[in-house]
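I am opening my notebook on this model and will write down what I look up, step by step.

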Amino acid sequence: MRLSRNWAIVPGFFAIAIAAAILSAYSGASSSQGVAPEQPINFPHPVHVQTLGMNCLYCHYSANKSPDPGMPAVGTCMGCHTIIGPQRPARDSQPARTSEEIKKLQDYSAKKQPIPWIRIHKLPEYVHFPHMRHVNAGVTCQTCHGKIQEMARVGQFASLNMGWCLNCHVNGYNAADGMRAAGYEPTPADTAAPIKKARYDCGVCHY
Amino acid sequence: MPNDATEPMSRTDGTTAVRRREFLKVLGASTAAATAVGCTNEHVEQLIPYLTSPDNTVPGVSTYFATTCRECATACGVIAEVRDGRAIKLEGNPDHPLNHGALCARGQSALQGLYNPDRFRTPMLRQNGSLTPTTWETAITTLTQRIAGARAQGQNVVFINQAESGSFPSFIDSWLGAFGFPAHIAYDAEVDLAAREANRQQYGGVQAPTYDFAAAKLIVSFGADFLETWGASVPQQLAFGDARAALADAPRFIYIGPRRSLTGLNADDWIPARAGSELGIVNALLAASGAGGSGTLAAAAQAAGVEPAVLERLSTDLRAATSSLVLAGTTGPDAFQVAAAVNTLNRSLGNEGKTVKPAEPIASLAGPVAGVAHLAPVIARMNSGAVPLAFVRGANPAHTTPKQMQFATAFAKVPFKVSFSSVPDETTLLCDLVLPDHHSLESWGDAQPVPGTVGLQQPVMEPVFTTRATADVLLGIARADATLASRFPVATYREWLTARLGGPAALTAALPSGMIAGAVEARTATAPESDAPGETAPLASQTGDFDLVVYLSPTLGDGRGANKPWLQELPDPVTKICWQSVVEIHPLTAGRLRIKPGDHVTVTTSAGTVTAPAYLYLGVRQDTVAIATGQGHTGYGRYAERVGVNALDLLTGSPNGSGGLALTQLKASLTKTTDRSMLVSTEGSARQHGRGVAQAVTAADLLAGRSEEHEAFPGDKPHEFLPGLKSPVASDAIGDLGKNEHKEQGMYKPDHWSGMAKRRWAMTIDLARCTGCSACVTACYAENNIPTVGARWQGRSLRPFHTSDGSGWDTRPGANILKGREMAWLRIERYFEGGEDGSSEFEARFAPMLCQHCGNAPCESVCPVFATYHAPDGLNIQVYNRCVGTRYCSNACPYKVRYFNWHGFGVPARRQYAFPEPLNWQLNPDVTVRGLGVMEKCTFCVQRIREAENRATLEKREVAPDEFTVACAQACPSRAILFGDAADERWTMAKTVQDARRYHVFEELNTYTAVVYLKKVTHPREEPNAARPAGGAE
């Protein structure tokens, strides 16, 4: 009697397993990895970072002191682009040209409107991600965001799924790998640096 | 309005700009869906940056502004936490001379006035009979014309303002004077004018002395509810809490009155004197001590309906006490005489200067304040048609005066009425023009909390709507008049203030602390004329079955709190009723009349009638019924509408001897109706049933080291904690119960390399200090995005069943609470001890109840999805995104502190959404807004722990002891709650873990809770000759 009752549970488990599989496939761990939407202004990271050598923190000014990395205000852009206008004169053996993108920026500024950037990296609201903890621990921006300095149009590099987060929190961050991910050769100090692990109990990020 | 921005704040330039708060709204809410991307079903969100980066703020990091609370006249200092341009939390200013960092529930709720969804968006002008939106230009032009038209009859113009301290009252007077109008009337229905007037006469002009509770050995209160609505409640709570913290040496407290209020429940003894008999008692006490007075104690006892021996003992004790403190806050027609006699009694007992300190007055509770008697002549003039123009600001006399005074009818006869209210209320809806004022958190101002210090009020954020500061509107009108412009040589009220507070440099220097040395101009106006509208006959000579006691609601006050869902949802500390009016009847009386709890009873007086459900309360006399003020609004926004009854409908405008409304003036009769409704109560049981949730120890037992017996429960014999309040066992989510190798670890090993296991976040709650005021509850709502669930539209769907209003929804106020679906992570449990036979000798105990963060938590082992588990730093964590809503944990929890989100109160698209725009602007960005179907509970403010850890790491140091605290502990006006790391003895909290009074609730369950309760200390009367037992506490 007892045995048969136990066996009767089995089809129920199968039904639950199938339902779970369908649900998981339908709505489960999705990710926007690789999505690179068109932005209102085609902002060229390569020019600013590689050609001009600007530091990430110049524009994303609170990434090392706040959970929020900070998006540059229109005023920050205009700090340079008041002078660097859309008309570029011929120099360095390159012909004169007009930048439509700088024109758009100046239009926003003239109209006193902020630029409605399309958000790419977004964590669910039940996750709290403090940027400054990661930046100050020496994690390179590119470890999570990819080689932004080479992206003509920014896309989501990592899956941003929890497993991906835990990969680092549990196994640790290797400074040399971080430098390689950023596209730089690790220094001997990086190679010698100990692997940094982080807390991974749920309540560290979920509250 | 550049004048309205504080220095540390930024703003966009120019008027065509998208206002910063508008695009922050998008940034914060992140819901702007534009197009779909690829083949996923995710919506595109926008990331809107600043136009110009503000100087002193970092996105995602809070800025703090010191300002002044204007929710009542006391004017406590507050610190507003502002995140990305929005105020998200108010906390007391630790340096303020009055509140020293504490803040009451009403002060916390100022934010819901700021973000009230019913606020006026624009000025309103009456057109074709209804108030319609208009522009500021039209509104001001209209008002200017009306003022010009009224100047011929200028002496009859009426300006009613809220009672407040600071420069603004004299500013209004100078403005009114410039136009030839009389000085304004400062009206406040909550102020005890009787006590103030008696003090003024007897203490050389001082209206509100401070009271030193700690210096007294015996405190006697004649109806003065000093922990809730009487006087400056927060400073008084701090002082009373400190007095009670002396434990065995703490003063005994006797409360005298027909109803035992929250303050009364904190007393050791209650003398249930009949309403109106207090004067006889005070006079007899005076006579007994040979200090004048008249009458005998026996006669007074006869009139009061108490045993003569009770008063004899009171008299003996008062004379025997080395120091005492007697307070009067009665609300009858003889309130002034009682207050005056009590002042005389204090003087004869030598308390003046010792426990009553007129030399240290509370300056904010001074100045000429008007009551009903001062409004009566105004009403008469309005009725006669003599008043051409009336202004009202911050006061709602149409609701806070008895209907019998006919304020609304008279007010309607004024040809042009102007309101400066920022929310619709009964008076404002009668007006012809509404010029919505800024909220106090959006505008400049000042207050005078104590002599020599001015409290500053500064805007902490850009205005939410297109409102304008009343002071600036008045200034603009005066400056537009060529003949008056020279009298007002400043463009804005800020400049006007700056000139009076020592110039721009001094103001800028003072703003960070929110205080500046100095004094504001006192109002030159004298008290307005008073015309007592027919005093009522003494209660004893009236006919009727019951004495009617109307009292000010501790949560809603005179009704001004009723449009704030936090205050509606906050259970009354005494009755535990929310979203409802009840008639309080003694259980024996109810038994005699066959009235059961919830039966609708009609209370009838000579002035009117109200019908409300009956609530059986031991703390009212058998010949008395009591009703709270505050409810019964007809036009105070969505949260106040159709909730309860207005108790003032039962009263005449009879004054209390100094102009204030006598709240206890009439006899009433009681009729049971056939209707009944469930009581909207958060209470399970008023009795402890031997469980020992709220334990107490008498002062004598404490000294002798004895403890109260409570029923022993079967089960495992309690084990001792490991050092640092850690649990020796863990029935954790790992499932290996009882296995030796898992006994000492939670989900993770205690020696986890992160080093966090060294911590054990824990809390101490000192029941000797706790008064049950419930400020912590509202602080918790504010900090943790807790939804309110009692509004009429938040009930469940009843389709396809029939509902009385045909909507198919359960639209009873508090419908969810009736089903036990309230969400208060922290609640105050109120228990009665004794009085089962209906006697007045019962004791009340309060126990704040929240997640106990058990070391060995029953909830953890039953969760099938590991959504709740024990973190290495001692927290019982609830992971919302793991939770599937089985509710097993709630079932398993012995403390019933887990709350299930039944209707998706945090989901904007749902009918039950608790934060309609712009209430959602207040949401704390550090805390997840929970959606449908998840379990939630107290987190020990884990976001504050993480913030402190993040800050410490950023500064390359450890978290310092007492570096931060949790929201409830921060707010507590009696300093009953301490939070800290029990495993680190440098924290103040850790020092209390071994206190002699410690206990853990349900210790016998071996849950190893992180909340340490310290027993309440009671002070039963000792015979004066009986020697105290010798020996120490331990």
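Before turning to any sheet, I note that two strands count as paired if DSSP finds at least two bridges between them. Helices (H or I, at least four residues) and strands (E, at least two) are DSSP runs, numbered from the N terminus. This is a predicted model, in which local features need pLDDT of at least 70 and side-chain atom pairs count only at pLDDT 80 or more, while totals for chains, interfaces and linings use all residues. Residues are numbered from 1 along each chain as its sequence is written, and chains are lettered from A and ligands numbered from 1 in the order in which they are written.

**Entry: a sheet in chain B**

I looked up an open sheet of four strands in chain B, and its order is E35-E28-E37-E36, with mixed pairing. Strand E35 (977-981) and strand E36 (998-999) of chain B are the edge strands, since each pairs on one side only. I followed E36(B) to strand E37 (residues 1011-1014) of chain B, to which it is joined by two bridges in an antiparallel run, and there B:Arg998 has B:Leu1014 as its bridge partner.

Next I took strand E28 (residues 761-766) of chain B, where six of the six residues are buried, so the strand is largely enclosed by the rest of the structure; buried means that 20 or more other C-beta atoms, placed from the backbone, lie within 10 Å of the residue's own. B:Trp761, B:Met763 and B:Ile765 point one way from E28(B), and B:Ala762, B:Thr764 and B:Asp766 point the other way. With E35(B), E28(B) pairs in the antiparallel sense over five bridges, and B:Ala762 is partnered there by B:Gly980. With E37(B), E28(B) runs parallel and is joined by four bridges, one partner of B:Met763 in that strand being B:Val1011.

**Entry: where the chains meet**

I then looked up the two chains together and found 38 residues of chain A in contact with 45 residues of chain B, where contact means that the C-beta atoms of two residues, placed from the backbone, lie within 7 Å. Helix H4 (74-81), strand E3 (117-118) and helix H6 (131-136) of chain A are the elements that give two or more residues to the side touching chain B. E3(A) also pairs with strand E1 (residues 46-47) of chain B, in the antiparallel sense over two bridges, and A:Ile118 has B:Gln46 as its bridge partner in E1(B).

How values were computed: A residue is buried if 20 or more other C-beta atoms lie within 10 Å of its own, exposed if 12 or fewer, and partly exposed in between; C-beta atoms are placed from the backbone.
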